[in-house]
Amino acid sequence: MSKAHRGTGLRKTVNHGRGLCPICKNPNIKVVYEYDLDGKKVMICKFCKAHLKNKARLEKPAAAPAAEAPAADAPAEAQA
């Protein structure tokens, strides 16, 4: 499994990937995830990334069922 957001990959970044998250304003936290905020690419923390992903998932409209039950207004078939 890839470990791009810890260890050797972070040593090459400024302050080893630590800084101020522009969303939660948490200082000295790893900000290693890219996010498009107001048309600008910013780096955000892991917690804000998860929060935004879950928020988008919950706001997505639910898919309509493929086979819906017949409407109550439809005439019923003759029963034998």
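This is a predicted model: local features need pLDDT of at least 70, side-chain atom pairs count only at pLDDT 80 or more; totals for chains, interfaces and linings use all residues.
Residues are numbered from 1 along each chain as its sequence is written, and side-chain values use heavy atoms, with hydrogens and water left out. Local features need pLDDT of at least 70 and side-chain atom pairs count only at pLDDT 80 or more, while totals for chains, interfaces and linings use all residues.

Let's start on the inside. The largest nonpolar core has 10 residues in all: L10, C21, I29, V31, V32, Y33, V42, I44, C45 and C48. Such a core is a set of buried Ala, Val, Leu, Ile, Met, Phe, Trp, Tyr and Cys residues joined through side-chain atoms within 4.5 Å. Strands β2 (29-37) and β3 (40-45) each put in at least two of the core residues, and β2 gives the largest share, 4 residues. V42 sits in strand β3 and counts as buried because its relative accessible area is 19% (buried means under 20%, exposed over 50%, partly exposed in between, with a 1.4 Å probe and protein chains only). From V42 to V32 it's 10 residues in sequence and 9.3 Å in space, C-alpha to C-alpha.

K3, R6, R18, K30, K46, K49, K53, R57 and K60 form a positive surface patch; patch residues have over 30% relative accessible area and no salt bridge, with like charges joined within 9 Å and nonpolar side chains (Val, Leu, Ile, Met, Phe, Trp, Tyr) within 5 Å. Helix α2 (residues 46-59) brings the largest share of the patch, 4 residues. Helices are DSSP runs (H or I) of at least four residues, and strands (E) of at least two, numbered from the N terminus. K53 lies in helix α2, and K53 counts as exposed because its relative accessible area is 61%.

Conventions
Accessible areas come from the Shrake-Rupley method with a 1.4 Å probe; for residues, only the protein chains shown count as cover. A salt bridge is a side-chain nitrogen of Lys or Arg within 4 Å of a carboxyl oxygen of Asp or Glu. Lys and Arg count as positive and Asp and Glu as negative; His and the chain ends are not counted. The place of a charge is taken as NZ of Lys, CZ of Arg, CG of Asp or CD of Glu.
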